[in-house]
Amino acid sequence: MKGGNNYRLRGRNLSLTLAVLIVTTIALWAWEKNPFSNTLPSAQERYIIPSSEFHSDTRNESAVSWNAMEKIGENSSQVIITAAAKGEEKNFGTTPVDAISAGTPEMIDSTSSSQTKFCNYAKGRWVADSRRPLYSGFGCKQWLSGMWACRLTQREDFSFEGYRWQPENCEMPEFERLTFLERMQDKTIAFIGDSLGRQQFQSLMCMASGGEESPEVENVGKKYGLVKARGAIRPDGWAYRFPKTNTTILYYWSASLSDLVPLNISDRTTDVAMHLDRPPAFMRRFLNQFDVLVLNTGHHWNRGKLNANRWVMHVDGKRNEDKKLAEIRNAKNFTIYSIVRWVDSQLPSHPHLKVFFRTISPRHFVNGDWNTGGTCDNTIPLSGGSEVVQDESSDPVVEGAVKGTRVKILDITAISQLRDEGHMSHYSIRGTTGVNDCLHWCLPGIPDTWNELLIAQI
C-alpha cells in the first residue's frame, strides 16, 4: 500500500510540473504575439538613417560623385554620414549621395518645443528698410571700383538699395561696423574666388569703413605677395588692415580655385597647367594666417575662358586624359569637391579657422547672353517675388560638396535670383552704350546682404 501511495504522489508531482511547463510556454507565446511587445523600439528604429538626394539644376550645374569622399568630417548640421565604398569608380556627371544632413546651419530651439525649428539663412523674404544702404556709393571711392559704383553712372533709379533680407527662424542682428571690427579684432578675413568674390570683398571694405575715406587703414598686400607685377593690369589681390582692431580683410583672385602653374615659366605665351585636384598655392601658403575664409567659383568655367587663358586641365600631376572629366561642368564640380575636401582635411590643424563656400551668384540675361544682345533692364524691385520658401539650396553642387564636412555653405543663390534689378545692366561711368552686365551687381547692393549673412554665421 505504501508503495502504491508513493507512485500516486510521484504521478501528481509529475503532472503538476508538466502543467507549469505548459502554462509557461503558453504565456511566453502570448507575450510574443501581444501587440504591446511590438511597441518596444528596435535598435534600427532608435537610429534611423534617412535618405538624401540632391537634384541637379540642369540649366546651370551637374553634380559629381568623387571617390575621395571617404574622407568625411563633422558638420554642425550633420546627423549621420555614410562613407562612399572603397574602390568606387569615378562617376562624373552623377549626383553624390554620401552625406545625410539634419538640414539647415543653425538650430533655434532643440528641446523646449514639440517640433525643432532650424535656422536657414537662405529661406526668408526681402523687406523694405529705409535705413539702407549701409554706406554711400559716392563716398566709398577708396575701396569701390568705379565700374561697379552705380551712383557714379547715369542710372537714376536706386530703389533696389532700400531692402534687407529677413531669414526665417534666424536671429540676424543689424550690421554695425564698429561692433563688427571689435568682433574681428586680431582676425583676418580672406576672400578667394572670381570677380564676384572681389565684389563681396569690396562690399565688406565699404561696410567696415562706413563708406568713408579712411587714411588710417593700411595696405598690407605686400605681406601676402599681392603686389602689381611688371606688365600686369592689377595685382592678384588686395589686403587692408584696420589698425585700431588689427583686423585684416583681403581678396585673392582665383577664378577656378585650382592651382595654376605655367608649363614654361620663361615663355609668356606658354600653356598653364590647371590642377583640378590641387588648391591654389596662395591658399596653401597662407591658410594658417586666416581666421575666416570665403571661397567661390563658377562663372569662369566655360570653354572660351579656358582657351583664352590657355588653361590645360591636369589631374594627379599630369595632363587629364579622361574625356568625361574634361567636360566643363564635370571638371568644375570635381574641383569644387576637391577643394572642399582638402580644406576640410586641414581644419583639425587650424581650429581657429572658419571656412565658407559661397554658392553661385545668378545671372539675369534676357533675350540673349552677354555677347548676343542679352539685357537686364528691369528697375522694379522684387517684380518676380520677394520670398524664398525652399529648404534646399539652388546650387546643389556646393550643397553636396560641403555636406559631411566642417566647411559651411554661404547660400546666396535663391535670394539673389529675386533681385534682377540690382545688376550693372547697361549703365557705366562713361555713359556710353555697350555690352550689358547682367552678372555683376551695383554697389551698394546685393553683395552687402551676402556679407550680412556671412557675419551672422561667423
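These legends describe close-up views of a predicted model. Local features need pLDDT of at least 70 and side-chain atom pairs count only at pLDDT 80 or more, while totals for chains, interfaces and linings use all residues. Residues are numbered from 1 along each chain as its sequence is written, and side-chain values use heavy atoms, with hydrogens and water left out.

**View 1. A sheet of seven strands.** The sheet is open, with mixed pairing. Its order is β7-β8-β9-β6-β12-β15-β17. Helices (H or I, at least four residues) and strands (E, at least two) are DSSP runs, numbered from the N terminus. Two strands pair if DSSP finds at least two bridges between them. β7 (218–219) and β17 (408–410) each have a single partner strand, so one side of each has no neighbour in the sheet. β7 pairs with β8 (residues 237–242) in the antiparallel sense, over two bridges. Here E218 stands opposite R241 in β8.

**View 2. Helices on the sheet.** α4 packs on the sheet and touches β6 (188–193), β8, β9 (247–253), β12 (292–295), β15 (354–358) and β17. The direction of α4 makes about 160° with that of β9. α11 lies across β6, β12, β15 and β17. It runs at about 155° to β17. Axes are lines fitted to C-alpha atoms, for helices over the stretch in contact, and angles run from 0 to 180 degrees between N-to-C directions. Contact means heavy atoms within 4.5 Å.

**View 3. Where α4 meets α11.** The two helices pack at an angle of about 75°, with their axes 9 Å apart. They are therefore roughly perpendicular to each other (65 to 115 degrees; under 35 is roughly parallel, over 145 roughly antiparallel, the rest oblique). From α4, the contact uses L196, Q199, Q200, S203, L204 and M207. From α11 come P447, D448, W450, N451, E452, L454 and I455. By class, the contact has seven nonpolar, four polar and two charged residues. Ala, Val, Leu, Ile, Met, Phe, Trp, Tyr, Cys and Pro count as nonpolar, Asp, Glu, Lys and Arg as charged, and the others, Gly among them, as polar.

**View 4. The largest cavity.** Five cavities of 30 Å³ or more are found in the whole structure. The largest holds about 110 Å³ of space. Of its 14 lining residues, E161, Y163, G445, D448 and T449 are the closest to its centre. Helix α11 (residues 446–457) gives the largest share of the lining, four residues. The lining has seven nonpolar, two polar and five charged residues. On a 1 Å grid over the protein atoms alone, a cavity is a set of points where a 1.4 Å probe fits but cannot get out, and a pocket is an open set with protein on both sides within 12 Å along at least five of seven lines. Lining residues have an atom within 4 Å of a point. Grid points are joined across faces, edges and corners, and a volume is the space filled by probe spheres set on the points.

**View 5. The second largest pocket.** Its volume is about 260 Å³. Among its 14 lining residues, R177, L178, L181, E216 and K244 lie nearest the centre. α3 (177–183) and α4 (195–209) each give two or more residues. α3 gives the most, with four. Five lining residues are nonpolar, three polar and six charged.

View 6. A cis peptide bond joins R132 and P133, with omega about 5°. P133 lies between β4 (117–128) and β5 (163–168). The bond from L443 to P444 is also cis, with omega near 0°. P444 sits in the loop between β19 (437–441) and α11. L257, in the loop between β9 and β10 (259–262), has a positive phi near 60°.
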